[in-house]
Amino acid sequence: MSEPLPVPPAPPLWRQPRAPGVFAGFWALYIRELRRQRRAVAFALVPQALTAALLMAIFDLASPEGIAGQMPGADVPITLGAFIAPGLIAITMLNIAFQTTAFTILHAKIDGFIDIELMAPLSAISRLFAHGLLGTTMGVLVGLAVGVVLAFVVDMPFPDPLQAVLFAVLGAWCISLFGIFAGLWARKWDSLSAISTFIVTPLVFLSGAFAPVSGFEAPFADLVANQPFHFVIDGVRGGLTGAQDASALVGALGMGAIAAVGAWAVGRLIRAGFNTVA
Amino acid sequence: MPSSADTTAPMQAEAMPGPRLRSYGAVNGRGLWTLYLKEVRRFLKVFQQTVAAPVVTTLLFFAIFTLALGRTVEMVHGVSFGAFLAPGLVMMAMVQNAFANTSSSLVIGKIQGNIVDVMMPPLAPWELTVGFALGGVSRGILVGFVTAAVIALFAPVAIHDWGAVAYFALAACLMLSLLGLIGGIWSEKFEHMAAVTNFIVTPLTFLSGTFYSIDRLPPFWQAIAHVNPFFYMIDGFRYGFIGHADAPVWLGMIVLAVADVLLLLLAWWLFRIGYKLKS
């Protein structure tokens, strides 16, 4: 008779496996992806907050009256700083949301560990929400960090914080969906950085984040006023400062529609196994 | 001829002469050229990321600042805001890319281990310094040319003094190329390099007068600017375009030359002692 094997002590309650519920697959993947972001503080949060602060300092120094001067051409009177701060928050958030989703997926494809996700019993909808909400979380977190830094130098009255949060989440979710598509579509780092540099960044930056759309030349004014990111930036700015060009309701409905249709389309791609191998 | 497959026969010393020692003279010209070509091909292979992307980023900066401030800021030193901004942005793109080229080459080489391909060949420390540095300068100058050509479509870019443009472009690219080299030698992880870029290079290039005339600064910061080589490189380069400088141009030339020589010596010394490169 050999000794019975020693029984390992039971793990503490909060680490014990739970019975799989409807959300178990989603939750497991979401938490795992979030844990992969532990370096984001060094690579996304601090640099982005610093860059936003630098840009604000530059606007202050480059403008004759500083950021406390009036923004020329704005529909609602607003200072330069209060106009630009929500724009900086929104573009940072959108950029980070896109990059987080797209780069984590492509990284998994190139290093081959996407197999783990493909082999696990995960439904397409769990994977859609895990990746999409990962991008949304990271985007909103980094946007928040930028907002906290800028709140020290710019006076933002926050008339409607809920509206700002709504537009931030909708915008980050929509661009995360595009990030999932880009991460699946790309097979090389080069193709992804091309999408990021030549499509996403210009679209995000040229969306009325730094100047009122009415000041643009004739054909560009309409183009910029009707692109989805303009609604995001306008909605966030309206929520934080009360100065808004377009109707919040129209913006919210439009973004909601894009979010729903985008989720459906990207969900179909995930379920079909679109380009899962690099 | 006896069959060469007969491997059991004892080897004959005179049949296999030892490798001949090659002599290089004072300068290993071929080695230096090879290192330089390696550095240039490294960035040309991904020119979309190393040349095209900075051009797009610079244009975006130009668009943002002229849109946001073009109506408030009418003239700076007698030229339009666009004409004032363009040289600063071109210089910023040049030096950031010169820095990125050498620093990424060293850090990636160290992390992936292929730095041995550079440490093993018979290249003297000064040859390593020069080869790497010229690679970074080449990328900076190429990015500068392309950016300037594209930005000239949107802003009135006229050249006042070709000599100043050329001198400050070369001296500034060399300075940042060497800083990248030293930063790359010091870094052990991508985090270290990102910290140097985010906390030193980006703030210095952003805040040293790219976007505004230095007389906008409070007196204390003006005094700081006058000991900051980044300020002199942007100021001197801009003088070459618009004909106005905030500081004497000859002083900027001397400051950059001194900074370049000191950094060259530091980089050479680091290669010589093998700091964080050889164990």
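Predicted model: local features only at pLDDT ≥ 70, side-chain atom pairs only at ≥ 80, totals over all residues.
## Basis of the model

Local features are given only where pLDDT is at least 70 and side-chain atom pairs only at pLDDT 80 or more, while totals for chains, interfaces and linings use all residues. Residues are numbered from 1 along each chain as its sequence is written, and chains are lettered from A in the order in which they are written.

## The two chains

Chain A has ten helices and zero strands, where helices are DSSP runs of H or I with at least four residues, strands are runs of E with at least two, and both are numbered from the N terminus. Its order along the sequence is α-α-α-α-α-α-α-α-α-α. Of its 278 residues, 44% are buried; a residue is buried if 20 or more other C-beta atoms, placed from the backbone, lie within 10 Å of its own. Contacts are pairs of residues whose C-beta atoms, placed from the backbone, lie within 7 Å. Among contacts in chain A with a separation of 6 or more, 81% are between residues 24 or more positions apart.

Chain B contains ten helices and two strands. From the N terminus, its elements run α-α-β-β-α-α-α-α-α-α-α-α. The box for the C-alpha atoms of chain B is roughly 90 × 35 × 35 Å along the principal axes. Chain B has 279 residues, and 41% of them count as buried. For contacts in chain B between residues at least 6 apart in sequence, 83% join residues at least 24 apart.

## Helix α3 of chain A

Helix α3 of chain A covers residues 80-111, 32 residues in total. From first C-alpha to last it reaches 45 Å, close to the expected 46 Å, the expected span being 1.5 Å times one less than the number of residues. In α3(A), 27 of the 32 residues are buried, so the helix is largely enclosed by the rest of the structure. After α3(A) comes G112(A), with a positive phi near 85°.

## Helix packing in chain A

Helices α9 (228-241) and α10 (248-272) of chain A pack at about 130°, with axes 10 Å apart. Axes are lines fitted to C-alpha atoms over the stretch in contact, and angles run from 0 to 180 degrees between N-to-C directions. The angle makes α9(A) oblique to α10(A); under 35 degrees is roughly parallel, over 145 roughly antiparallel, 65 to 115 roughly perpendicular, and the rest oblique.

The residues from α9(A) include P228(A), F231(A) and V232(A), and those from α10(A) include A248(A), M255(A) and I258(A). This contact of α9(A) with α10(A) comprises seven nonpolar, four polar and one charged residue. Ala, Val, Leu, Ile, Met, Phe, Trp, Tyr, Cys and Pro count as nonpolar, Asp, Glu, Lys and Arg as charged, and the others, Gly among them, as polar.

## Helix packing in chain B

The axes of α6 (162-186) and α9 (229-242) of chain B come within 8 Å and cross at roughly 155°. The two helices are therefore roughly antiparallel. Contributors include F168(B) and M175(B) from α6(B), and M233(B) and F237(B) from α9(B). The residues of this contact are twelve nonpolar, two polar and no charged.

## Contact between the chains

Chain A gives 29 residues to the contact and chain B gives 26. On the side of chain A, α2 (40-62) and α7 (189-205) each supply at least two residues. The most come from α2(A), with eleven residues. The side of chain A that touches chain B has 20 nonpolar, eight polar and one charged residue.

How values were computed. Buried ≥ 20, exposed ≤ 12 C-beta atoms within 10 Å, placed from the backbone. Contact = placed C-beta atoms within 7 Å.
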